[in-house]
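The exercises below are meant to be worked through with the sequence and the coordinates open side by side. Try each task before reading its solution.

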Amino acid sequence: MTAIAWVAVVIVAVLVILAVGYLVSARNRRRHLQDRFGPEYERAVRESDSRKEAEQELLAREERHAKLDIRPLDPQTQERYARKWTEVQERFVDAPGFAVTEADALVTAVMAERGYPTDEFEQRLSDLSVAHAATLDHYRKAHDISSRAARQDATTEELRQAMVHYRALFQELLGDGADVALNDHVNGAAYTTDGYDGVSANGHHADVRKAGR
């Protein structure tokens, strides 16, 4: 075999190795993003022009998140917010619309306390998706109902749903793995949604029963 032929073989071998390395790297990156973002990965793909563009967007979210000063809440702060949530729940029976607005503000306050920027809703979703993708759809649904409630365009049943949705993210934000009890009951009854299968941040099903007086 001539020297030129050997050079050609070496070049082809190097190209094959590089191609295989790229494919393995792309597959590992995709698996990492799918594991980290869960349903948010598929949402990003649906909303982007290509899978590659979606993955670049998710990687950019990770980079931004890494630069944020996200910090856990100390036990005293966790308890303080848990008490505030209980107060909001208790107001739901008499003023459901007002309680939902308070729940939205309380979730935003906990985000700020943890170190998340809270200026823009879409940016909040982006930042939360990195570490709280599992409960992010709860936040979207709750925010949508809360926005309609502000226009007096939400039913009482939808407001109950909003409280359940807000609670899922709130409990997760309150403490990563912290066992902080959040009272499900409102004046002897429970605010919840008939037929709604609520899931708490720790993966357990929430107790969902319709509110009553």
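**Exercise 1.** Which residues does Leu128 touch, not counting residues up to four places away in sequence?

*Solution.* Bear in mind from the start that this is a predicted model. Begin at Leu128 and leave aside the residues up to four places away in sequence; the ones it touches are then Met111, Tyr116, Ala133, Leu136, Tyr139, Leu169 and Leu173.

**Exercise 2.** Determine how the axes of H3 and H6 are arranged, and which classes of residue make up their contact.

*Solution.* First take the axes, which come within 9 Å and cross at roughly 85°. Because angles of 65 to 115 degrees count as roughly perpendicular, H3 and H6 are roughly perpendicular to each other. Then list the partners: Glu57, Arg61, Glu62, Arg64 and His65 in H3 meet Gln123, Ser126, Asp127, Ser129, Val130 and Ala131 in H6. Sorted by class, this contact has two nonpolar, four polar and five charged residues.

**Exercise 3.** Decide where the predicted coordinates call for caution, using the pLDDT.

*Solution.* Start with the chain, which averages a pLDDT of 80, with 71% of the residues scoring at least 70. Then turn to residues 183–213, where the pLDDT is below 50, although this stretch has 72 contacts in the model beyond near neighbours in sequence. Where pLDDT is low, the predicted coordinates should not be read in detail.

Conventions. Residues numbered from 1 in each chain as written. Predicted model: local features only at pLDDT ≥ 70, side-chain atom pairs only at ≥ 80, totals over all residues. Heavy atoms only, no water. pLDDT = per-residue confidence, 0-100. Contact = heavy atoms within 4.5 Å. Axes fitted to C-alpha atoms, helices over the stretch in contact; angles between N-to-C directions. Helix = DSSP H or I, 4+ residues; strand = E, 2+ residues; numbered from the N terminus. Parallel < 35°, antiparallel > 145°, perpendicular 65-115°, else oblique. Nonpolar A, V, L, I, M, F, W, Y, C, P; charged D, E, K, R; others polar.
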